[in-house]
Amino acid sequence: MFRDTKAFSGFSVDDTDQAQRFYAETLGLRVSRDDAMGGLLTLHLAGDRPVLVYPKADHVPATYTVLNFPVEDVDRAVDELTARGVRFTRYEGMPQDEKGIMRGNGPDIAWFTDPAGNVLSVLAQG
């Protein structure tokens with residue numbers, strides 16, 4: 001039934017203005033906004049798979065990674081994002097280096113959050 005559908009994902013934020021600035025300016029994504037739908041944002045990612053970001057008054061940040069960005073060079077991505085003001089999250093018990101990158105347990109990966117506290121990552125392309 002769903003084999004040929006173009007499924008998409010979505011998650012909530014508490015402030016779509018702040019989210020729009022972060023995703024467009026800090027991360028450099030193409031973002032569209034539908035104010036007729038209460039400020040619904042669409043993140044336009046490669047591969048023609050949109051991600052919806054919707055406002056929710058009682059938003060609670062996801063406790064898991066809601067969006068992963070595969071990159072060729074995790075170190076470079078972390079350095080560029082750090083220069084743009086992004087702070088990388090460190091998790092107790094995870095073997096992360098001084099940049100916040102976990103290496104050697106699967107693909108290199110580093111986690112950060114959007115302004116609403118949702119967890120995102122950059123990880124080495126397979």
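Four strands make up an open sheet in the order β1-β4-β3-β2, and their pairing is mixed. The edge strands are β1 and β2 (30-34), each of which pairs on one side only, and the twist averages 25° from one strand to the next. Strands, like helices, are DSSP runs numbered from the N terminus (E, at least two residues, for strands; H or I, at least four, for helices), and two strands are said to pair if DSSP finds at least two bridges between them. The model is a predicted one, in which local features need pLDDT of at least 70 and side-chain atom pairs count only at pLDDT 80 or more, whereas totals for chains, interfaces and linings use all residues. Residues are numbered from 1 along each chain as its sequence is written, and side-chain values use heavy atoms, with hydrogens and water left out.

| Strand pair | Sense | Bridges |
|---|---|---|
| β1 and β4 | parallel | five bridges |
| β3 and β4 | antiparallel | five bridges |
| β2 and β3 | antiparallel | five bridges |

F11 stands opposite V53 in β4, while H44 stands opposite P50 in β4 and L45 has R49 in β4 as its bridge partner.

T42 lies in strand β3 and, at 15% relative accessibility, counts as buried, where buried means under 20% relative accessible area, exposed over 50% and partly exposed in between (1.4 Å probe, protein chains only). Leaving aside neighbours within four places in sequence, T42 is in contact (heavy atoms within 4.5 Å) with R30, V31, S32, P50, V51 and L52.

Helix α1 lies across β1, β2, β3 and β4 and runs at about 160° to β2; for such angles, axes are lines fitted to C-alpha atoms, for helices over the stretch in contact, and the angles run from 0 to 180 degrees between N-to-C directions. E25 is found in helix α1 and is exposed, with a relative accessible area of 60%. E25 and M37 are 12 residues apart in sequence and 22 Å apart in space, C-alpha to C-alpha.

The protein chain is divided into domain 1 (9-55) and domain 2 (65-124), with bounds that come from an automatic or database domain assignment. The C-alpha centres of domain 1 and domain 2 lie 20 Å apart, and the contact takes 14 residues from domain 1 and 13 residues from domain 2. The area buried between the two domains is about 1000 Å², of which carbon and sulfur atoms give 73%; buried area here is the accessible area (1.4 Å probe) that two parts lose on being put together, summed over both. In domain 1, F11, F22 and T26 lose the most area to domain 2, together 41% of what that side buries.

In soluble globular proteins, nonpolar side chains tend to be buried together. A nonpolar core is taken as a set of buried Ala, Val, Leu, Ile, Met, Phe, Trp, Tyr and Cys residues joined through side-chain atoms within 4.5 Å. The largest such core has 29 residues, of which F11, Y23, L27, L43, L67, F112 and V122 touch the most other members. The elements giving two or more residues to this core are β1 (9-13), α1 (16-26), β3 (40-45), β4 (49-55), β5 (65-71), α2 (74-83), β8 (109-113) and β9 (119-124). Because domain 1 (9-55) and domain 2 (65-124) both give residues to this core, it lies between them. Apart from this core lies another, of five residues, among them M102, I109, W111 and V119.
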